Amino acid sequence: MSDAPHPSPQPPLHPPLQLAEVQRRVAAELDRLGPVIDELGARFADAGEELALVGGPVRDAMLGRLQNDLDFATSARPDVTERLLKGWADAIWDMGRDFGTIGARFGPWQVEITTYRSESYDPSSRKPDVDFGDSLAGDLGRRDFTVNAMAVSVPGRVFEDPHGGLLDLAERTLRTPGRPEDSFSDDPLRMMRAARFAAQLGFTVAPEVVAAMTRMAGRIEIISAERVRDELVKLVCAPHPRLGLTLLVETGLAEHVLPELPALALERDEHHRHKDVYEHTLTVLEQTIDQEERLGGEPDFVSRFAALMHDVGKPRTRRFESGGVVTFHHHDVVGAKITRKRMRALRFANAEIDAVARLVELHLRFHGYGSGEWTDSAVRRYVRDAGDQLERLHILTRADCTTRNERKAARLRRTYDELEARIARLSEEEELAAIRPDLDGNQIMSILGIGPGREVGEAYSWLLELRMDEGPKSAAEAEAALRQWWADRQA
């Protein structure tokens, strides 16, 4: 199911913001935050310390999407911050103390307060060196992007914007406070954050930032797999992942963090024309997102990443045959192995690896259905092999149809509708989700007069296959079939 069209250049996702509207939003959000920022600001001011709401919360207040997580910067050292929070916060935690951060909860608000600081990376190190700073201006100057380098000093609610973040936010552009080369040298993960913010906010990344990302892409190698993984998950689960993924590919970052993706842009030549698997993959991802209401409507990483990886076996299995035909035999199985290897390298949990790899391995299974030729036995096996990923497999299989031939697309939709209806009918009749043999291990041992061992497992597997082929049986029918199998085996 491919034939993906090549997209034409897209207009900006959102028009520029009006500064008056931005200012109105911020004033409204600060009023809503009054019980937090005014009380907390007064406690720090009374102690002779500075405090400012910083970064993402200020940006999100301007975009009208502020959540209950608030970040503050302060002149106070962590011990002082902890002392000032006592008697005000409902709960306090200090897991980030080594990085200057103390966390707290106040009613519905989650608060993190971090001492002014600066970070830098040694060229051979995977961990940043953290030094405390002495001013808000210095703290804002070391942040990743100008739209995250704005602050509101409290309790006076004074807006601080030394790097023009307000204008960049209004123009929906990502720039760095200083030279992008210096910013990315301090923390190379910021290159991935640029792609992630593009995907989350629909912003354009400034040309000089893209150029620096391209020149410095190799620096991402010093970042730990876990930090890269976390950024990738946020990017894939963002509202506009195509924007971020395209940026990773075009800058060369993807070659270091997800090389399977740029590899999908298979070369073409005049003798062997075939579909652009890279563009097809991005379309499948978007069509997967369009179906997420089937899973509750929230971004679903497993479904999205399976869509992204479903064809990664194609470059390795591509063959040119007579007549200009291109084949990718067994790319599903090969792709599942590649997916497991990449996700292990990125330190994903085993459950996520198993789920995504299973979807990649099964994404072609439906093609054997034809126009409904599958027997009920084949449908049962489809359900059994999908297991708890069946709903996601439905989504991926439907999303994998990107043909421009509407008649063909409609036929495929109708056929899959029929398959889902058959699954629903068999599930109601036979409880397919919990499918197992009609006899358990204890019954097998009792009927055959044998003890625990390999033969019990073999009998169980045979009964399961019988159940798949012929559907549920009564206990008497299952016992008779088992005895016959055992007699034939002994002959």
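Student: In which sense do strand 4 and strand 5 pair, and over how many bridges?

Tutor: A word on the ground rules. This is a predicted model, where local features need pLDDT of at least 70 and side-chain atom pairs pLDDT 80 or more, while totals for chains, interfaces and linings use all residues. Residues are numbered from 1 along each chain as its sequence is written, and side-chain values use heavy atoms, leaving out hydrogens and water.

Now, strand 4 (residues 101-106) and strand 5 are antiparallel, joined by 6 bridges; strands here are DSSP runs of E, at least two residues, and helices runs of H or I, at least four, numbered from the N terminus. Pairing takes at least two DSSP bridges between two strands. I102 sits opposite I113 of strand 5. The hairpin of these two strands has 2 residues between them, and there G107 has a positive phi near 60°.

Strand 2 (residues 69-74) runs parallel to strand 5, also with 6 bridges, and L70 has V111 as its bridge partner. Strand 5 (residues 109-115) has 5 of its 7 residues buried, meaning under 20% relative accessible area with a 1.4 Å probe, protein chains only.

Strand 5 also reaches the largest pocket: along with strand 2, strand 6 (117-120), helix 3 (56-63), helix 8 (189-201) and helix 10 (225-236), it gives two or more residues to the lining. Helix 8 supplies the largest share, 6 residues.

Note on methods:
Buried means under 20% relative accessible area, exposed over 50%, partly exposed in between (1.4 Å probe, protein chains only).
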